[in-house]
Every structure is written in C-alpha cells, then in structure tokens.
Amino acid sequence: MTAHLPTCSCCGDTLADESRVDIGFNLPDAALRAPEATRHQLGVRALLRVDGVGCFVRCLLPVSLTQATELVMGMWLEVDDATLRRAQDLWEDPRYADLSFQGKIANRIQPWGDELVGAEVTARVGDAEELPYVVTGHGPAAARLLAETWDRDHVLSRFPNPLPVDVRTSLGDGWSVVRTAGLGASFADGTDHFTGPDRSVAVNLMEDDVPGRAPEDFLAALMAGAPDKLPAQRRTEPVPGGLRYAFWLTPEDNGRPRHEFYGFTVVTGSAAGAFCTYEDPAGLAWAQETWRSLNHDLRTAP
C-alpha cells in the first residue's frame with residue numbers, strides 16, 4: 001500500500017524509516033489530571049515536577065517487534081526528588097553522558113496496560129544527543145517487555161497515532177483489516193474509523209439474521225437499494241467461504257467533492273464493509289487494497 005508518512009509525535013519530523021516507529025506520551029498519566037499551574041518543567045521539557053503528584057523524567061523505551069521493526073516510545077519514569085535534581089544538574093553538562101537512574105513507568109502503555117504501570121526500570125544515557133533509554137527491567141513484566149519480540153500488528157494497532165507502517169487491525173468476531181500508514185484510528189458507535197488529510201475509512205461488521213443463508217444471498221440483501229453501477233465501477237471476487245463486492249462513485253456521480261468507495265466481504269453468517277473516501281482519483285487503488293485486506297479468520301472467531 002502507498003505510505004502517507006506521518007510526523008513524529010515527539011518532534012514533528014517526518015518518519016521515513018519504516019524499521020522504527022516513534023510514539024510519544026506528552027505527560028505522565030498522573031499529571032493529566034493535575035491543573036496546569038501545578039506542572040513545572042525544570043529547564044527542559046523532559047524534566048517535570050507536579051505539585052502533589054511527583055517527579056518525572058522523560059525517557060525512551062525500546063520494544064522489539066516482528067517484521068524487523070523497533071517501537072521506541074517517549075514515555076515518563078517517576079523518580080524521587082533527588083534523582084530529578086541530579087538529572088537537572090547534569091542535563092546540559094558533559095557529564096550527562098554518564099547519567100543513569102532508576103524509576104517507575106508512569107504511563108499506561110497498551111497492550112500491556114496495568115501490568116507495566118509502576119514497574120521498576122533502569123534508564124541510562126547511550127547517546128548524549130538523545131533522551132535516556134530504558135535498559136533494564138527489574139520485575140517480570142518489565143524484563144519480559146524488553147527481552148521479547150512482540151507481534152507488530154497486535155501492538156501497533158493499539159495506538160491511534162498515524163504510523164509509518166501499515167497495521168493489520170482486529171475488528172472483532174474474527175475480522176481484521178489493514179490500517180494504511182499515515183491514518184489515525186478511532187472507534188465510535190460500533191464503527192472503526194481510519195482518517196488522514198486526504199482519505200478516510202469507516203469499517204462496520206454486520207451479522208446475518210437468517211441462519212445458514214448463502215453469502216451470495218446475504219450480499220444481495222445488503223445491496224438492496226444500492227446504486228446499480230456500470231461494470232467499470234464495480235467488482236465481484238471470490239474469497240474462501242464467500243465473496244467480496246465493491247462499487248465506487250465519482251464526484252460527478254454523487255455530487256460531493258470526494259470520491260466514494262463501498263466494499264464488502266461476505267462469508268456465511270457475517271460480513272464486513274469498508275466505506276472509503278478520497279480526494280485524488282488515484283486513491284481508488286488504495287481503496288481497493290483496503291477492501292481486499294478485509295479478512296475473516298475462523299480460528300479467531302468466537
């Protein structure tokens with residue numbers, strides 16, 4: 001799929017290297033609930049004291065993913081006051097290169113969630129031009145996080161940020177779809193939304209209320225009332241256990257500024273539909289790839 005490369009959530013630079021994904025947490029979780037007046041940056045954005053909450057240092061947490069990808073998260077460690085003051089003293093000093101300290105993970109990071117919050121780790125400066133890296137986990141969860149290689153799609157699909165790589169995302173009930181690089185993700189009213197400046201996708205699941213109905217008949221019911229498009233603007237293709245069907249509309253057809261694409265994949269008992277919009281006519285190829293990425297895996301269905 002064509003990658004619409006996003007920018008780094010930490011620094012705003014374009015992310016062109018698909019072997020590394022950078023994601024940032026702007027604040028420690030506990031600081032999100034604190035009034036802004038209680039948050040005090042100590043000279044640099046990476047050092048933070050929050051009145052009545054605690055002291056924090058921003059660090060980089062590297063996680064190995066499958067498909068030769070590294071996830072690097074800009075996250076926060078909670079430290080004691082003495083550690084924060086020592087970090088402040090060394091931050092702009094040549095001795096910063098030797099900075100090492102322990103702290104507790106202060107962000108709830110999915111898909112690990114509560115398992116990691118509060119876990120003790122050690123961070124150390126490896127490059128004087130970068131934030132300290134988390135290098136050692138002192139409990140089972142943190143040690144495992146750093147030692148293992150994790151499934152890329154399972155991990156990255158939990159982040160709504162636009163990413164520099166395509167990510168296969170679970171829709172539930174055994175269904176999944178590929179979220180294209182550069183699209184942010186959200187979920188509302190039973191619909192998965194993937195959006196970017198020039199394109200968007202809304203994906204829904206549909207259950208057949210007629211037991212045992214053939215996929216072809218279920219599709220016919222779904223398409224009742226849909227526009228009868230010319231052959232050049234529709235496709236029907238077989239898939240294991242069912243079929244997929246799509247049609248598309250141009251602004252001349254729909255009277256709206258964007259192109260529209262409606263794609264369905266149907267198996268016995270259920271279906272998934274992807275509604276895509278895009279500005280450039282060349283986006284049709286992207287919409288078709290998104291539609292064809294709709295997949296139903298019986299092994300993961302309930």
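This is a predicted model: local features need pLDDT of at least 70, side-chain atom pairs count only at pLDDT 80 or more; totals for chains, interfaces and linings use all residues.
I began with S10 and S11, which pair in the antiparallel sense over five bridges. Two strands count as paired if DSSP finds at least two bridges between them. Strands (E, at least two residues) and helices (H or I, at least four) are DSSP runs, numbered from the N terminus.

Residues are numbered from 1 along each chain as its sequence is written, and side-chain values use heavy atoms, with hydrogens and water left out.

**The three-stranded sheet**

I found S10 and S11 in an open sheet of three strands, ordered S10-S11-S19 with antiparallel pairing. Its edge strands are S10 (167–172) and S19 (295–296), each pairing on one side only.

**The seven-stranded sheet**

Next I traced an open, antiparallel sheet of seven strands in the order S12-S13-S14-S18-S17-S16-S15. S12 (184–188) and S15 (234–239) stand at the edges with a single partner strand each, so one side of each has no neighbour in the sheet. From one strand to the next, the twist averages 15°. Zooming in, I saw four bridges joining S13 (residues 191–195) to S14 (residues 199–207). Val203 in S14 is the bridge partner of Asp192.

**Helices on the sheet**

I looked at helix H5 (residues 215–222), which packs on this sheet and touches S14, S16 (242–249), S17 (259–267) and S18 (270–278). Contact means heavy atoms within 4.5 Å. The direction of H5 makes about 150° with that of S17. Axes here are lines fitted to C-alpha atoms, for helices over the stretch in contact, and angles run from 0 to 180 degrees between N-to-C directions.

Helix H7 (residues 283–292) lies across S14, S15, S16, S17 and S18, at about 165° to S18. Its buried residues include Trp286 and Trp291. Buried means under 20% relative accessible area, exposed over 50%, and partly exposed in between (1.4 Å probe, protein chains only). The buried residues of H7 also pack against S11 (175–179).

**One alanine**

Last, I asked: is Ala142 buried or exposed? Ala142, in helix H3 (residues 140–147), is buried, with a relative accessible area of 2%. Beyond its neighbours within four places in sequence, Ala142 contacts Leu116, Ala119, Glu120, Val121 and Gly137. I also noted 9.8 Å between the C-alpha atoms of Ala142 and Gly118, which are 24 residues apart along the chain.
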